[in-house]
Amino acid sequence: MKKIKTRDEITRIIDTLPVSHEFTLSSLHLPLNLNENTFRTVTSRLVNQGKLTRIRPGHYKKTDRFEQYLFVYGSMKKGFQNHVRLINAEYIGEFTTVGKYVMYADISNLFPYVLENEKRSPIHGELYKITNADEFKSIDDLEGMPTYYYRKQISVVSKENKQKISAWIYFRGLKNPTRLRRTNPLSVWKKELAPTVKKERLSAMFSVKRHPKNPPKELEEIFSYGDDGMIHLSQMKKGSCVPFKSFQNITFI
């Protein structure tokens with residue numbers, strides 16, 4: 001019961017701060033019985049609710065609307081199949097992780113994943129500011145939170161002006177049921193590489209020659225587009241054929 005009261009007291013103190021006011025644990029001058037771990041628990045909850053923005057480690061800002069930064073390194077970057085998920089987000093620029101991680105191609109060769117606990121090199125990607133909580137929730141659903149991927153805040157740095165910002169990143173989930181495939185480590189998911197891999201992979205997946213004795217059924221019999229108008233490969237039955245005009249019409253999760 002004491003911890004609950006302590007968390008409520010920290011929340012009350014933060015609520016009294018003006019909007020856009022930046023603060024740290026020390027600047028709040030909290031009573032001695034309010035320790036650092038409890039402060040982190042409260043601020044983490046308020047960040048998830050969109051009531052706070054984490055500027056950089058230990059530094060927070062009150063907001064009057066939902067405002068979160070997301071660092072993307074694969075299929076949600078510009079020019080890739082899931083970038084449509086960020087159509088309403090504000091593009092901040094090209095950024096790199098401050099910490100070292102490792103990125104591999106997924107078993108499908110269609111998108112990458114990053115492991116938090118393997119330290120090899122910084123990861124290159126793009127930073128976006130999301131101001132709609134429902135849209136952020138839809139990205140969580142796309143990433144299969146928390147089984148396939150989990151979301152964590154890290155520090156990223158701008159390639160242009162070296163500005164450091166705290167942002168969310170999706171790491172491969174520890175209990176991800178998909179078989180882990182360790183390709184050559186990557187630091188960037190390249191535009192010129194991924195489409196070629198996708199076309200070769202899709203050609204093999206949907207080729208009638210792969211099923212000479214049991215040809216694929218027609219699309220109308222076994223498959224329908226999702227409510228969002230996208231083709232969801234993960235929902236397809238093996239051997240099915242799907243017509244598509246662009247990779248923008250396909251989601252690989």
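Two strands are said to pair if DSSP finds at least two bridges between them. Helices (H or I, at least four residues) and strands (E, at least two) are themselves DSSP runs, numbered from the N terminus.

The structure shown above is a predicted model, in which local features need pLDDT of at least 70, side-chain atom pairs count only at pLDDT 80 or more, and totals for chains, interfaces and linings use all residues. Residues are numbered from 1 along each chain as its sequence is written, and side-chain values use heavy atoms, with hydrogens and water left out.

Consider strand β5, which covers residues 90-97. β5 runs antiparallel to β8 (residues 124-130), and 6 bridges join these two strands. Within this pairing, E94 has E126 of β8 as its bridge partner. β5 is also joined to β9, again in an antiparallel manner, by 3 bridges. Here T97 is partnered with V156 of β9.

The loops deserve attention next. Most residues other than glycine have a negative phi, and most peptide bonds are trans. Against this background, S20 has a positive phi of about 75° although it is not a glycine. S20 belongs to the loop between α1 (2-15) and β1 (22-23). K162, likewise not a glycine, has a positive phi of about 65°, and this residue lies in the loop between β9 and β10 (164-172).

How accessible are these two residues? Buried means under 20% relative accessible area, exposed over 50%, and partly exposed in between (1.4 Å probe, protein chains only). S20 is partly exposed because its relative accessible area is 49%, whereas K162, at 60%, counts as exposed.

Finally, the peptide bond from M145 to P146 is cis, with omega near -5°. P146 is located in the loop between α3 (133-142) and β9 (149-158).
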